[in-house]
Amino acid sequence: MAHRRSSIKKIRIDRRRREHNLQTISELKTVARKMNASLVEKKKDEAVKAARAYFSKLDKAVKRGIIHKNRASRRKSRIQVKLNSLK
């Protein structure tokens, strides 16, 4: 256990940040599941809307430093390939 006041405060801050980051990651997964469901059902309009929402959430997560930019870019690329195959 930390002894210094600054270390104790840092632990509290890190715990709060972790909870917030986990919440954001959970939202990403939820949107991804909805998008994948519409891709499997081959509902193009729903898939495009869900993909836009997913891309937006990915970009926000990158901006906040929750996920790495290359990871987000790779995911967006793979989704775009699946969307293009629906056409």
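Lys42 is exposed, because its relative accessibility is 63%. The model is predicted. Lys42 sits in the loop between helix 1 and helix 2. Its place is just after helix 1. Its phi is positive, about 60°, although Lys42 is not a glycine. Most residues other than glycine have a negative phi.

**Helix 1**

Helix 1 runs over residues 5-40 and holds 36 residues. From first C-alpha to last, helix 1 reaches 53 Å.

Which residues of helix 1 are buried? They are Thr24, Leu28, Val31, Ala32, Met35, Ser38 and Leu39. An α-helix has 3.6 residues a turn, so residues three or four places apart point the same way. The cover over the buried residues of helix 1 includes helix 2 (44-63) and helix 3 (69-86).

Two packed helices are described by the angle between their axes and the distance between the axes.

| Pair | Angle | Axis distance |
|---|---|---|
| Helix 1 and helix 2 | about 160° | 9 Å |
| Helix 1 and helix 3 | about 25° | 11 Å |

Take helix 3 first. At about 25°, helix 1 is roughly parallel to helix 3, because angles under 35 degrees count as such. Helix 1 passes helix 3 in a left-handed crossing. Helix 1 brings Met35, Asn36 and Leu39 to this contact, and helix 3 brings Ile79, Lys82, Leu83 and Leu86. By class, five residues of the contact with helix 3 are nonpolar, one is polar and one is charged.

Now helix 2. The angle here is about 160°. Helix 1 and helix 2 are therefore roughly antiparallel, as angles over 145 degrees count as such. Helix 1 passes helix 2 in a left-handed crossing. From helix 1, the contact takes in Thr24, Glu27, Leu28, Val31, Ala32, Met35, Ser38 and Leu39. From helix 2 come Glu46, Ala47, Ala50, Ala51, Ala53, Tyr54, Lys57, Leu58 and Ala61. The residues of the contact with helix 2 divide into twelve nonpolar, two polar and three charged.

Met35 and Leu39 belong to the contact with helix 3. Met35 and Leu39 also belong to the contact with helix 2.

Ser38 lies in helix 1. Why does Ser38 count as buried? Its relative accessibility is 4%, and buried means under 20%. Leaving aside neighbours within four places in sequence, Ser38 is in contact with Lys43, Glu46, Ala47 and Ala50.

Ala47 lies in helix 2. Ala47 counts as buried because its relative accessibility is 0%. What does Ala47 touch, not counting residues up to four places away in sequence? The answer is Met35, Ser38, Leu39, Leu83 and Leu86. Of these, Met35, Ser38 and Leu39 are buried residues of helix 1. Leu83 and Leu86 are residues of helix 3 that take part in its contact with helix 1.

Ala47 and Leu86 are 39 residues apart along the chain. Their C-alpha atoms are separated by 9.5 Å.

Methods
Residues are numbered from 1 along each chain as its sequence is written. This is a predicted model: local features need pLDDT of at least 70, side-chain atom pairs count only at pLDDT 80 or more; totals for chains, interfaces and linings use all residues. Side-chain values use heavy atoms; hydrogens and water are left out. Helices (H or I, at least four residues) and strands (E, at least two) are DSSP runs, numbered from the N terminus. The expected span of a helix is 1.5 Å times one less than its number of residues. Buried means under 20% relative accessible area, exposed over 50%, partly exposed in between (1.4 Å probe, protein chains only). Contact means heavy atoms within 4.5 Å. Axes are lines fitted to C-alpha atoms, for helices over the stretch in contact, and angles run from 0 to 180 degrees between N-to-C directions. Angles under 35 degrees count as roughly parallel, over 145 as roughly antiparallel, 65 to 115 as roughly perpendicular and the rest as oblique. A crossing is left-handed if the near helix is turned anticlockwise from the far one by less than a right angle, and right-handed if clockwise. Ala, Val, Leu, Ile, Met, Phe, Trp, Tyr, Cys and Pro count as nonpolar, Asp, Glu, Lys and Arg as charged, and the others, Gly among them, as polar.
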